[in-house]
Amino acid sequence: MKSSNEIRFIKDRHLQGIEICSVTESSHIFPKHSHESIYAVSLMEYGGSYWYGSDKSSSLVEPGNMAIINPGQLHSGEPARNRQSSYKMIYLDKNLFTLKGETPVFKNILKKNKNLPRLFRNLYDSVQNSSDILEKEIYLTEFTGTMLSDYSFPSKKTEKAGHEN
């Protein structure tokens, strides 16, 4: 298979903990790996990719679908049906979500969703094209807030013995 035609990374100099990536017409196969300190959020534009190996048909991300990879989560990237894929990524430092030492766990593949892809595009386009810092912060807050409220699993809190109220 042919490698990526174009991969472009942009790290915003005003927003801490965020980086965007655009992958155009890629046939690259990413072996199983993980990212320990970031959430990787993708929006598939063209083609398709298996995020957990082609033997896991439920992990297919098709155009218009999104995938959220949690920090430390083992995943891969294999083009579906030997086709090239184009997609956009937003990498978010896990510290953006950490509260009292806990980080949330998100649902992994989001299909047929209307709201989050729109918020994804707003943030992505703002980081790529805008010099307005407030606009970027608003889009970041809307996007991460929606991720937390609509797509995270409840965090499990454990109480230490002797500290009950």
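User: Hi! Which residue is the bridge partner of Ala-67 in E10?
Analyst: That partner is Ile-109. E7 and E10 are joined by two bridges and run antiparallel. Helices (H or I, at least four residues) and strands (E, at least two) are DSSP runs, numbered from the N terminus. Two strands pair if DSSP finds at least two bridges between them.

User: Before we go on, what sort of model is this?
Analyst: It is a predicted model, where local features need pLDDT of at least 70 and side-chain atom pairs count only at pLDDT 80 or more, while totals for chains, interfaces and linings use all residues. Residues are numbered from 1 along each chain as its sequence is written, and side-chain values use heavy atoms, with hydrogens and water left out.

User: Thanks. How many helices and strands does the protein have?
Analyst: There are two helices and ten strands. Along the sequence the pattern reads β-β-β-β-β-β-β-β-β-β-α-α.

User: And in what order do the strands of the open sheet come?
Analyst: Six strands make up that sheet, in the order E1-E2-E9-E4-E7-E10, with antiparallel pairing. Its edge strands are E1 (6–11) and E10, each of which pairs on one side only.

User: What about E8, which strands does it pair with?
Analyst: E3 (residues 30–33) pairs with E8 in the antiparallel sense over two bridges, and there His-33 stands opposite His-75. E5 (residues 49–50) also pairs with E8 in the antiparallel sense over two bridges. In that pairing, Glu-78 of E8 is the bridge partner of Tyr-50.

User: Is E8 mostly covered or mostly open?
Analyst: Mostly covered: four of the five residues of E8 (residues 75–79) are buried. Buried means under 20% relative accessible area, exposed over 50%, and partly exposed in between (1.4 Å probe, protein chains only). Over the 165 residues of the protein, 41% count as buried.

User: Switching to H2. What span should it have, and how far apart are its ends?
Analyst: H2 covers residues 133–151, and at 1.5 Å a residue its 19 residues should span 27 Å; the end C-alpha atoms are 26 Å apart, which agrees. The expected span is 1.5 Å times one less than the number of residues in the helix.

User: Which residues of H2 are buried?
Analyst: Lys-136, Leu-140, Phe-143, Thr-144, Thr-146, Met-147 and Tyr-151. They cover an arc of only 155 degrees around the axis, which puts them on the same side of H2. The arc is that of the directions from the helix axis to the C-beta atoms. On the other side of H2, Leu-134, Thr-141 and Ser-149 are exposed.

User: Why would residues three or four places apart point the same way?
Analyst: An α-helix has 3.6 residues a turn, so residues at that spacing point the same way.

User: What covers the buried residues of H2?
Analyst: The cover includes strands E2 (18–26), E4 (38–46), E7 (66–69), E9 (85–93) and E10 (109–110), along with helix H1 (115–129).

User: And what caps the N-terminal end of H2?
Analyst: Asp-132 does, with a side-chain oxygen 3.1 Å from the backbone nitrogen of Leu-134. A polar contact is a pair of N or O atoms within 3.5 Å; within protein, one must be able to donate a hydrogen and the other to accept it, and residues adjacent in sequence count only if both atoms are side-chain atoms.

User: On to the largest nonpolar core. Which members touch the most others?
Analyst: Of its 24 residues, Ile-90, Leu-92, Phe-143 and Met-147 touch the most other members. E2, E4, E7, E9, H1 and H2 each supply at least two residues of this core, and H1 gives the most, with six residues. A nonpolar core is a set of buried Ala, Val, Leu, Ile, Met, Phe, Trp, Tyr and Cys residues joined through side-chain atoms within 4.5 Å.

User: Which residues does Phe-143 touch?
Analyst: Leaving out residues up to four places away in sequence, Phe-143 touches Val-41, Met-66, Ile-90, Leu-92, Leu-116, Leu-119, Phe-120 and Leu-123. Contact means heavy atoms within 4.5 Å. There is also a second, separate core of 13 residues, which includes Val-23, Ile-38, Ala-40 and Val-61.

User: Last one: which non-glycine residues have a positive phi?
Analyst: Among them are Glu-25, with phi near 50 degrees, and Lys-100, at about 55 degrees. Glu-25 is in strand E2 and counts as partly exposed at 36% relative accessibility. Lys-100 is in the loop between E9 and E10 and counts as exposed at 78%.
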